[in-house]
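Welcome! Take a moment to look over the sequence and turn the structure around before you read on.

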Amino acid sequence: MAGQFPAWVQLPRARIASAGTDNEIFRLGDDMAMRLPKVEWAEHQPEREFRWLPRLAGQLPLAIPKPIALGKPDREYPWPWSICEWLTGETAIPRRLSDRSQAAATLAGFVTAMRRIDTTDAPQGGPHNHYRGVPLADLDGRVRRRLQELDGRIDIEAATAAWNTALATPPWTSGAVWLHGDLHPQNLLAVEGRLSAVIDFGLMGTGDPAADLTPAWSMFQGEARRVFHAGVGVDEDTWSRGKGWALYGSLVVLPFYWETNPTLIRHCLGTLSEVLNDEDRVS
């Protein structure tokens, strides 16, 4: 701060507690936030957000972060980092939502709005965004390895059967669409019980829209899930692949953070349970 943004060095800073795995967040003064990658695989996220968030702004029904400044690596910190506008709200975990069906409709509107944004020159899914949007077949090897690592901890037979079902679904063959890539409750904000903002676009990219359907199982149940399904307006194959993405997101996280991130593990086990117990086929 002193070397790159001296005008802000005297502003108070406060670390924001989070179960997030890629970045540390600090509130800077009243109106800004600092976002610093804490692992090497997240080092390109600040630059990606700084480039693409202004392009998405104004085209989405919920607030998104406004980039203000991009910090450079130096002798004291090894990766790019960013300063963005502070967005008011609290983490939109389901129990804080006053009407989950309303939240489901709002989030579905965000997902469909993302899909309508022009993708010219936009980044495709791949290693840079943890493979969000690639065909499920490209993830099969990773999933099989995680299933072996989780043997004895989860219902491996049921998880394998669910993954095989998603894997057998015809792949997405239309053009790639914009994806947030990580619509986790920790990346959603609510004000007075209503969804107000989407943050953390570090895994943004383009590809199969099924990758942004994971909230159906990670956030919603029953009627709220049906509202979300109706709102996103996808066909049955895309919905099935979305269930595969929700399964994938849990399986790849569980063995890695089993002992170190209990909040994230509870969330992933809850999502896994919803996937394995969801027999509805909503047309």
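This is a predicted model: local features need pLDDT of at least 70, side-chain atom pairs count only at pLDDT 80 or more; totals for chains, interfaces and linings use all residues.

## The five-stranded sheet

Let's begin with an open sheet of five strands, which has the order E1-E2-E3-E5-E4 and antiparallel pairing. Its edge strands are E1 (13–16) and E4 (67–71), each pairing on one side only. On average, neighbouring strands of this sheet are turned by 25° against each other, direction ignored. As background, strands of a sheet pair through backbone hydrogen bonds, either parallel or antiparallel.

Now follow the pairs one by one. E1 and E2 run antiparallel and are joined by four bridges, with alanine 14 standing opposite arginine 27 in E2. A hairpin of six residues connects E1 to E2. E2 and E3 also pair in the antiparallel sense, over six bridges, and here asparagine 23 stands opposite proline 37 in E3. The hairpin of E2 and E3 has three residues between the strands, and in it glycine 29 takes a positive phi near 65°. Alanine 69 has isoleucine 83 in E5 as its bridge partner.

## A helix on the sheet

Which strands does helix H1 touch? Helix H1 (residues 45–56) packs on the sheet and touches E2 (23–28), E3 (32–37), E4 and E5. The direction of H1 makes about 150° with that of E4.

A second open sheet to look for has three strands in the order E6-E8-E9, with antiparallel pairing. E6 (90–91) and E9 are its edge strands, so named because each pairs on one side only. E6 and E8 pair in the antiparallel sense over two bridges, and the bridge partner of threonine 91 in E8 is leucine 189.

Helix H2 lies across E8 and E9, running at about 25° to E9. H2 (residues 100–116) has 17 residues, which should span 24 Å at 1.5 Å a residue; the end C-alpha atoms are 24 Å apart, so the two values agree. The buried residues of H2 are Ala103, Ala104, Leu107, Ala108, Phe110, Val111, Thr112, Ala113 and Met114. What covers these buried residues includes H1, E7 (177–179), E8 (188–191), E9 (194–198), H5 and H6.

## Helix H8 and its surroundings

Next, find helix H8 (residues 262–277), which has 16 residues. From its first C-alpha to its last, H8 reaches 22 Å, close to the 22 Å expected at 1.5 Å a residue.

Which residues of H8 are buried? They are Leu264, Ile265, His267, Cys268, Thr271, Leu272, Glu274 and Val275. Their cover includes helix H5 (215–218), helix H6 (222–232) and helix H7 (236–257).

## The second largest pocket

Rolling a probe the size of a water molecule over the atoms shows where empty space is left. The second largest pocket has a volume of about 380 Å³. It is lined by 18 residues, and the closest to its centre are Pro94, Pro185, Ser218, Arg266 and His267.

H5 and H8 each supply at least two residues of this lining. The largest share, six residues, comes from H8.

Let's finish with two single residues. Aspartate 237 is found in helix H7. Leaving aside neighbours within four places in sequence, aspartate 237 is in contact with Thr169 and Pro170. The C-alpha atoms of aspartate 237 and alanine 92 are separated by 28 Å, and these residues are 145 residues apart along the chain.

Aspartate 278 lies in the segment after H8. Its relative accessibility is 8%, so aspartate 278 counts as buried, since the cut-off for buried is under 20%. Not counting residues up to four places away in sequence, aspartate 278 touches Trp217, Arg225 and Lys243.

Notes: Residues are numbered from 1 along each chain as its sequence is written. Side-chain values use heavy atoms; hydrogens and water are left out. Axes are lines fitted to C-alpha atoms, for helices over the stretch in contact, and angles run from 0 to 180 degrees between N-to-C directions. Contact means heavy atoms within 4.5 Å. The expected span of a helix is 1.5 Å times one less than its number of residues. Buried means under 20% relative accessible area, exposed over 50%, partly exposed in between (1.4 Å probe, protein chains only). On a 1 Å grid over the protein atoms alone, a cavity is a set of points where a 1.4 Å probe fits but cannot get out, and a pocket is an open set with protein on both sides within 12 Å along at least five of seven lines; lining residues have an atom within 4 Å of a point. Grid points are joined across faces, edges and corners, and a volume is the space filled by probe spheres set on the points.
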